[in-house]
Amino acid sequence: MKVSEAVANAFVKEGTEVVFGLMGDGNMSWWSAISKYAQVRMIAVRDEGAGLAMAQGWARYTNKVGVCSVTHGPGITRMTTSLVAAVRSHTPVVICTSKTPFNSENHIQFVEQERVVGATGAGYLEALTPSFAENAVRQAFYRARLESRPIVLSIPHDIQAEECDGDIDDYQPSGTMYAGRQHIRPDRARLNEAVNIIGASKRPVVIVGRGAMEPEAIEAAERLAKRIGALIATTLIAKGLLGNSEYCAGISGLFSPRAVMQLYQETDCVIAIGASLNTRTIAGGHLYPNARIVHIDIAPHLLMGNEQAADCYIQGDAAATIQDIDDMLEKQGVTKEGYRTDAVLKILQSADRDPGEFEIGPGTVDPREAARIMDERLPSNVGVVIGAGHFSSFPVMIMKKPRALHIFVHDFGSIGQGLANAIGIGVACGQPLLCVEGDGGAMQNIQELDTAARLGLKLLYVIMNDEGFGAEYHMMTARGLNPKLALYRSPDFAGAGRVFGGRGRIATSLENIAAGIDEFLAGEGPMVLDIRVSRNVVSIPYRRAQFAQDV
Ligand SMILES: Cc1ncc(C[n+]2csc(CCOP(=O)(O)OP(=O)(O)O)c2C)c(N)n1
């Protein structure tokens with residue numbers, strides 16, 4: 001058997017269901033070999049970075065190892081931003097690639113790709129002999145799962161066509177070696193400390209993060225919060241998990257409305273579960289000035305975003321640790337009203353509306369109203385994927401309906417990652433999706449509308465189009481620089497939607513938006529809704545962080 005066939009077989013035995021990728025000299029043999037397996041869906045994309053972002057979205061949704069394939073050299077370099085983003089979001093993906101011929105540094109596609117990959121924080125593995133190739137696949141999947149990050153697997157061009165003694169039936173997949181993460185039971189003494197802190201608190205807040213997104217952990221967090229009268233908040237990543245909780249106060253950080261921030265500032269105890277408490281979650285350290293902090297995570301120890309250690313750090317599995325704390329409090333007969341009063345409920349229910357007034361120019365809409373209509377009109381089975389940019393605060397803060405999923409693609413602070421992530425998520429979930437990006441971000445991954453149309457994905461791609469880089473426009477205004485440097489004429493994105501094989505509509509009024517959403521829901525395949533938004537409306541986080549307004 002040829003190495004490329006043995007490697008393809010090994011990928012299949014590892015459970016590969018979908019491959020996102022782009023072919024070249026380096027991976028075409030492997031691509032041909034794995035395409036022969038009926039159980040594997042091959043998805044050809046238009047850009048390597050987008051292919052990896054799709055595998056990231058797919059892995060994020062399924063909790064399985066995503067698979068992507070690119071050619072060596074330029075295939076690798078084009079993928080680097082997405083590699084960093086997948087590293088930062090702790091997403092396991094195996095990227096099957098190649099290497100230009102050995103001892104040929106003059107090869108036109110040669111690059112020191114180990115160093116390129118190393119700089120992104122991803123792992124790199126290379127099979128230097130035919131006999132190691134299958135083992136390399138096993139190690140790549142093993143490490144991707146164990147280390148929860150992308151692993152680039154190079155099967156060099158020189159060995160792909162060589163014979164190896166791989167046996168199709170004998171491949172031992174990595175899953176037989178790694179039985180998954182274990183529940184880490186917390187230390188008794190730490191639990192006692194935590195229970196003392198929580199028992200003494202009067203107004204506690206529970207924050208649920210990435211590490212507590214499993215149903216068991218959420219249920220345990222809600223039960224504890226109820227017992228101790230806590231407000232319950234999420235990190236940005238975990239937004240949408242607690243849609244049905246009455247005392248859910250939304251996201252902890254600069255995305256909170258003023259009245260909710262005030263509640264956070266008054267708290268005397270924070271219980272963070274699977275949340276790193278980075279600077280965004282604690283708003284640079286200003287959000288919980290008087291709180292004692294109980295910090296629960298599976299990492300041995302974490303410092304918070306303000307470089308401080310929590311008052312009580314517990315290494316432990318989210319669900320198990322919270323259940324233990326809740327049981328201990330129950331034994332002590334602890335129940336509190338805390339924040340769970342009618343007055344607080346009223347604050348939570350009325351905290352939403354941004355009182356800021358801005359002049360809305362002709363032919364544009366207020367982006368806050370646009371987000372509100374999207375939330376009202378799109379049913380709960382439509383998941384939401386939001387890219388990065390100034391616009392993102394509007395859907396993040398305003399779209400509150402409990403939904404199949406809310407995913408914010410912001411892992412490396414890079415624009416232009418939203419559409420590709422949404423396509424990967426759409427392939428995984430098979431449900432209709434809304435993806436929201438700005439016009440700047442859209443221009444960085446718009447070619448993937450072609451992939452979405454080919455796949456027939458039911459994807460509404462809303463471009464909140466302020467004809468420029470809104471983030472820079474507002475920052476430059478705040479810093480006394482010339483904001484006009486951040487403005488660009490916009491192309492016709494609705495036309496682009498049609499050209500790439502989907503549908504498209506421009507919206508310059510709230511009625512247009514409603515009609516566009518109805519058109520999307522009634523039809524099939526992707527659709528672009530190019531919403532012309534007023535750039536006069538500055539988001540709440542930007543008013544706070546850039547213009548120092550107390551809003
Ligand atoms: C890859 C990358 N390039 C540049 C930036 C800097 N940047 C941050 S936000 C932004 C503007 C994005 O414009 P758009 O997508 O239209 O969203 P808006 O801010 O206008 O809402 C830019 C250029 C970045 N974060 N990532």
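**Interface of domain 2 and domain 3**

Five residue pairs are in polar contact across the interface of domain 2 and domain 3, both residues at pLDDT 80 or more; a polar contact is a pair of N or O atoms within 3.5 Å, where within protein one must be able to donate a hydrogen and the other to accept it, and residues adjacent in sequence count only if both atoms are side-chain atoms. This is a predicted model, in which local features need pLDDT of at least 70, side-chain atom pairs count only at pLDDT 80 or more, and totals for chains, interfaces and linings use all residues. Residues are numbered from 1 along each chain as its sequence is written, and side-chain values use heavy atoms, leaving out hydrogens and water.

**Domains**
- The protein comprises domain 1 (3-176), domain 2 (188-349) and domain 3 (367-545), with bounds from an automatic or database domain assignment.
- Between the C-alpha centres of domain 2 and domain 3 there are 31 Å.
- Domain 2 gives 14 residues and domain 3 gives 13 residues to the contact (heavy atoms within 4.5 Å).

**Buried area**
- About 1200 Å² is buried between domain 2 and domain 3, with 62% of this area from carbon and sulfur atoms; buried area is the accessible area (1.4 Å probe) that two parts lose on being put together, summed over both.
- Lys239, Leu254 and Phe255 lose the most area in domain 2 to domain 3, together 51% of what that side buries.
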